[in-house]
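Please look over this structure with me.

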Amino acid sequence: MHIGRSRSGLQRQALVSARAAEHDADVAQPALAWVIGQDVVPIPGTKRRRDLEQNAAAAAIELTPEEIAAIDAAFPHGVAAGERKHPRSTRFERDRI
């Protein structure tokens, strides 16, 4: 998910980073735990075994109702809609076509 560099994007990133620190977890793990808690099975891409293990460990993170409410408020439905990657990150790919 591309959070962006806007003020609200940085606030969202800080919120998820704080949840990660509280759970002694990688920053992606509470985000994945939040998605799993919504009865959604995320399939994050990964290239390394270490990343796969961290993603799988997200299922063991139990977010409190307060943490879930805070993440729900920070990421309302549709806030992450749009392209998967930032347009500038795909410039090289477009230029190669």
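1. R12, L15, R19 and E22 of α1 touch E67, A70, I71 and A74 of α4. Contact means heavy atoms within 4.5 Å. By class, this contact has 4 nonpolar, no polar and 4 charged residues. Ala, Leu and Ile are among the nonpolar types, Glu and Arg among the charged ones.

2. This is a predicted model: local features need pLDDT of at least 70, side-chain atom pairs need 80 or more, and totals for chains, interfaces and linings use all residues. Numbering starts from 1 along each chain, and side-chain values use heavy atoms, without hydrogens or water.

3. Helix α1 spans residues 7-22 and helix α4 residues 65-74; their axes come within 10 Å and cross at roughly 160°. So α1 is roughly antiparallel to α4 (angles over 145 degrees, on a scale from 0 to 180). Helices here are DSSP runs (H or I) of at least four residues.

4. E67 forms a salt bridge with R19, with the closest N and O atoms 3.6 Å apart. E67 is in α4 and R19 in α1, so the pair ties together parts 48 residues apart in sequence. The whole structure has 5 salt bridges (a Lys or Arg side-chain nitrogen within 4 Å of an Asp or Glu carboxyl oxygen).

5. Mean pLDDT (confidence per residue, from 0 to 100) is 80 for the protein. Confidence is highest in α4, at 92, and lowest in helix α5 (residues 91-96), at a mean of 52.

Technical notes. Helices (H or I, at least four residues) and strands (E, at least two) are DSSP runs, numbered from the N terminus. Angles under 35 degrees count as roughly parallel, over 145 as roughly antiparallel, 65 to 115 as roughly perpendicular and the rest as oblique. pLDDT is the predictor's confidence in each residue, from 0 to 100.
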